[in-house]
Amino acid sequence: MPTRDRGLQRLADSVLMPGFQGTSPPDWLRRRLGDGLAGVVLFSRNIAGFAQVAELTAALRAENPAVLVGVDEESGEVTRLEVATGSSRPGPYALGVVDDVVLTEEVACGLGADLAGVGVNVDFAPSADVNSNPDNPVIGLRAFGADPELVARHAAAFIRGLQSAGVAACAKHFPGHGDTSVDSHYSVPVVGDDFEGALLPFRTAIEAGVKTVMTGHLLVPQVDAQLPATLSHQVLTRLLREELGFEGVIITDGIEMAAVSSVYGLGGASAMAIAAGADAICVGGENSDEASAIAIRDAIVDAVVEGRLPEERLHDAARRTSELGAWAARGVPSATSPRAEEIGLHAARRAVKVTRRSAAPVLPITSAPHVIELSPEMNLAIDKKTPWGVGEPLSKLMPGTVVTRLQGADGPALENLLASTNGRPMVIVARDAHRYPWQLQAIEHLLCARPESVVVEMGLPERSDLGAVHIATYGSARVCGQAAAEVITGLS
């Protein structure tokens, strides 16, 4: 193997944001940061509390004062800082249901203050995707809604709130992951027909001054029928840079995702992304070791040497990433409001929709209920350890509450469960029931025996005709569960 030019290696390092293992920076990461690595991506495995994250980021900054520290903190379902407790803020869809841009900006401002307080300066949020396909397996509640104009105004408000706290926002997943039916963690989604509608929130985000845009590993036949957006010069340079006029940092979605890495490998996809117009490579969801970071760096260097990646394009990417680091290093005074602690629960309460389908006085429940939570397998963007549900907050409001969680159920199991309820009021909790036939079958089976039951949908409520009372929370964040429990007990 020929010796690679050290200057090119440093240049390639300056566009990489790898992940790592542990709650403190390993030696290899400290060394690489001191030698010019652009930054890092934090995952749930790196987080054990706010104080620990602040200590971790201080250690990173000691090696590189302009280090970019990125995290997926969308609020709602996708949380990293609050993975142990569930988010104290509802997700984008709930904010879109309320449709109060002042509230959305205030929620994002409080989130930005929390992130800045622990040393995180890039938040991979908001999702600017328009969730126009209800069967989308990976966006759903992560979007502000299914209407492009609604998504656009709330994405802009979220960006203003985050960046007022000194945290760079990131509009994702360009040019729009909403009208797809495939998860790019596993394969290549194809963008649907309403391409202009999908672009509107990104146009608005750019007008709002968003600092970064994250690429989606999506095939966009309207622009490039051959390459996913992350690897497409037509999408990233011609469309995003030249047509839409974006001058900030283009960040890739996780480069190890199968939609790009299965064909081109980690290094090959990374080099192609930079050549296409990306400025920073995110990696480390699964490939979080030094060897992976070195392999990507060297693949970028080799692409320059072999003429597949112009050196001036790599210099341009490094410049943009460096400028973002300089902006983030300046920081701003805290812009949080006195309501930051309570604004998340306030927003979740406003999002709740109650549909009463019985003349009988079902609510409030006055005796400890039996809560049955139907738990589907969630997509990889949502950490499996994130708590959710109505049983836990309801147990605090009404001691003696019994909670049963099911990850699948057949008739005999449901009959046994019904027999064990002992006449208690029943609360059935679902999560995207329309996407999981077993959930709908279980709900219908339980309601056949107990039609007076309350149904709480914590995902997308495609149906509100289930239960004597149907409660839609438009999210499964901790505060969404609390808001539903308050409705059930009459405390709302």
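Buried here means under 20% relative accessible area, exposed over 50% and partly exposed in between, using a 1.4 Å probe and protein chains only. This is a predicted model, in which local features need pLDDT of at least 70, side-chain atom pairs count only at pLDDT 80 or more, and totals for chains, interfaces and linings use all residues. Residues are numbered from 1 along each chain as its sequence is written, and side-chain values use heavy atoms, leaving out hydrogens and water.

**View A. Strand β10 is mostly covered.** Spanning residues 370–374, β10 has five of its five residues buried. His 370, Ile 372 and Leu 374 point one way, while Val 371 and Glu 373 point the other way. Strands (E, at least two residues) and helices (H or I, at least four) are DSSP runs numbered from the N terminus.

**View B. Strand β10 pairs with β11 and β12.** Pairing requires at least two DSSP bridges between two strands. Five bridges link β10 to the parallel strand β11 (residues 402–406), and four link β10 to β12 (residues 426–430), also parallel. Follow Glu 373 across: its bridge partner is Arg 405 in β11 and Val 429 in β12.

**View C. Phe 174 and Phe 202 form an edge-to-face pair.** Rings of Phe, Tyr and Trp (its six-membered ring) pair if their centres lie within 6.5 Å; planes under 30 degrees apart are stacked, over 60 edge-to-face and the rest tilted. By this rule there are three aromatic pairs. In this one, the centres are 5.2 Å apart with 90 degrees between the planes. Phe 174 lies in strand β5 (residues 170–174) and Phe 202 in helix α7 (residues 195–207), so the pair ties together parts 28 residues apart in sequence. Phe 174 is buried, at 0% relative accessible area, and Phe 202 is buried, at 2%.
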